2 protein chains.
Amino acid sequence: MPTKRDRDKVSNAVIRRLPRYYRRLDELHRGGVERISSNALAKSMNLTASQIRQDLSYFGGFGQQGYGYHVETLRDKVAEILGMTSGHKAVVLGCGNLGRALLLNFHFAQYGVQLAAAFDTNPELVGTSIGAVPVLDVAMTEEYIRENGIDIAVLTVPQQAAEAVARMVIGAGVKGIWNFTNMELNIQTPGITVEDVHFADSLLALSYLISDQ
Amino acid sequence: MPTKRDRDKVSNAVIRRLPRYYRRLDELHRGGVERISSNALAKSMNLTASQIRQDLSYFGGFGQQGYGYHVETLRDKVAEILGMTSGHKAVVLGCGNLGRALLLNFHFAQYGVQLAAAFDTNPELVGTSIGAVPVLDVAMTEEYIRENGIDIAVLTVPQQAAEAVARMVIGAGVKGIWNFTNMELNIQTPGITVEDVHFADSLLALSYLISDQ
């Protein structure tokens with residue numbers, strides 16, 4: 001595996017393509033495909049074969065001349081590169097509609113992330129479970145994160161609470177914040193990654209694409 | 001405004017940056033900033049000034065040498081390019097947790113999209129409202145879309161229903177599907193845009209970024 005320094009050289013565009021490689025290879029594997037040429041893989045993903053080869057070259061070469069890629073091996077390598085085998089553990093902060101939707105319908109485990117607990121302020125929710133995940137009192141958050149080695153916080157709190165909750169979980173030791181608040185967090189802490197899920201950007205791209213047709 | 005043919009030349013990367021320009025310019029405007037140099041705008045967005053100039057050149061030039069950009073004017077232009085002034089109308093299909101989260105917390109109108117109605121199969125929900133949006137019987141979907149000129153369908157149905165519901169709304173005349181089902185839809189209909197919100201890709205990118213640190 002590449003070192004941290006190697007990983008830092010990888011462009012954002014490559015990082016954004018890696019999950020797509022994983023999904024495509026997993027689909028192929030589940031469909032019974034054992035090997036695939038870089039041309040065929042590229043075509044099925046609207047990329048070029050040279051782009052795929054270049055993307056993967058950051059992490060070592062995986063194809064063999066004249067053979068192509070072994071689908072399952074490459075899928076597992078991409079999974080490892082993506083940190084799916086790193087044992088990440090997440091908590092969900094805020095059990096409103098969006099938090100509930102993620103707790104009930106999003107398969108964290110499928111992506112190598114263990115969903116350990118959820119937190120809320122509502123005394124009627126605390127002590128219950130959503131799906132199989134226990135809902136704990138928000139006052140327990142820091143202690144829980146420290147004691148259980150949680151490294152990802154899923155932020156589904158109301159916007160007015162977002163900044164304060166983000167600072168709290170960073171203080172408690174998480175490395176990554178998956179931010180669903182549709183709000184830019186002003187976090188400059190070294191070593192902390194904020195991944196924003198910008199619903200608005202996605203809707204606006206769709207709006208662009210269907211306009212003037 | 002550019003013609004459809006001009007718009008087709010715009011790369012996906014540029015399309016994905018346009019909403020970011022809009023958000024940044026709107027923030028600057030609300031913060032009282034009247035004008036900004038392309039250098040300062042670029043720096044605040046982790047881009048280069050030449051990239052911004054090139055991106056905007058697809059849609060005509062908006063800056064003036066030695067003056068920079070007039071923030072409000074450029075924001076309004078970008079809004080127009082994004083189709084925010086095109087009068088798009090959306091319906092939400094599926095009022096489970098995710099549908100409810102969008103209905104209650106996502107401000108469609110802020111992005112120029114009128115949210116007209118929601119649809120569900122649950123007789124206990126039909127006839128009620130979520131937020132200010134009426135929930136109608138799913139059997140009414142096609143008629144409603146036709147009669148009200150709906151062009152965007154927000155897909156928050158269960159995965160097993162996704163493909164069939166997508167085909168139904170396309171048959172009824174929508175141009176765009178905002179797909180929250182975490183499932184690839186097999187839609188090849190010309191003139192139809194599917195915008196996937198891939199939660200998994202976002203989580204995997206975060207997983208990558210916090211691994212090996």
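In the predicted model, helix α2 of chain A passes helix α9 of chain B in a right-handed crossing. The two elements, residues 12-30 of chain A and residues 199-210 of chain B, pack at an angle of about 120°, and their axes lie 9 Å apart. On the side of α2(A), the contact is formed by A:Ile15, A:Arg16, A:Leu18, A:Pro19, A:Arg20, A:Tyr22 and A:Arg23, which meet B:Asp201, B:Leu204, B:Ala205, B:Tyr208 and B:Leu209 in α9(B). By class, the residues of this contact divide into eight nonpolar and four charged, with no polar residue.

A:Arg23 forms a salt bridge with B:Asp201, in which the closest N and O atoms are 2.6 Å apart. This pair crosses between chains, running from helix α2 of chain A to helix α9 of chain B. A salt bridge likewise joins the side chains of B:Arg23 and A:Asp201, with an N to O distance of 2.6 Å.

The contact takes 59 residues from chain B and 59 residues from chain A.

A further helix pair between the chains is formed by α6(A) and α6(B), each spanning residues 97-105; their axes come within 8 Å and cross at roughly 160°. With over 145 degrees counting as roughly antiparallel, α6(A) and α6(B) are therefore roughly antiparallel to each other. Their crossing is left-handed. The contact is made by A:Asn97, A:Leu98, A:Arg100, A:Ala101 and A:Leu104 of α6(A), together with B:Asn97, B:Leu98, B:Arg100, B:Ala101 and B:Leu104 of α6(B). Classification of these residues gives six nonpolar, two polar and two charged.

Within chain B, helix α2 (residues 12-30) packs with helix α4 (residues 49-57); the axes come within 11 Å and cross at roughly 105°. This geometry makes α2(B) roughly perpendicular to α4(B). The residues B:Val14, B:Arg17 and B:Tyr21 in α2(B) meet B:Gln51, B:Ile52 and B:Asp55 in α4(B). The contact of α2(B) with α4(B) comprises three nonpolar, one polar and two charged residues.

Methods:
Residues are numbered from 1 along each chain as its sequence is written. Chains are lettered from A and ligands numbered from 1 in the order in which they are written. This is a predicted model: local features need pLDDT of at least 70, side-chain atom pairs count only at pLDDT 80 or more; totals for chains, interfaces and linings use all residues. Side-chain values use heavy atoms; hydrogens and water are left out. Axes are lines fitted to C-alpha atoms, for helices over the stretch in contact, and angles run from 0 to 180 degrees between N-to-C directions. Helices (H or I, at least four residues) and strands (E, at least two) are DSSP runs, numbered from the N terminus. A crossing is left-handed if the near helix is turned anticlockwise from the far one by less than a right angle, and right-handed if clockwise. Contact means heavy atoms within 4.5 Å. Ala, Val, Leu, Ile, Met, Phe, Trp, Tyr, Cys and Pro count as nonpolar, Asp, Glu, Lys and Arg as charged, and the others, Gly among them, as polar. A salt bridge is a side-chain nitrogen of Lys or Arg within 4 Å of a carboxyl oxygen of Asp or Glu. Angles under 35 degrees count as roughly parallel, over 145 as roughly antiparallel, 65 to 115 as roughly perpendicular and the rest as oblique.
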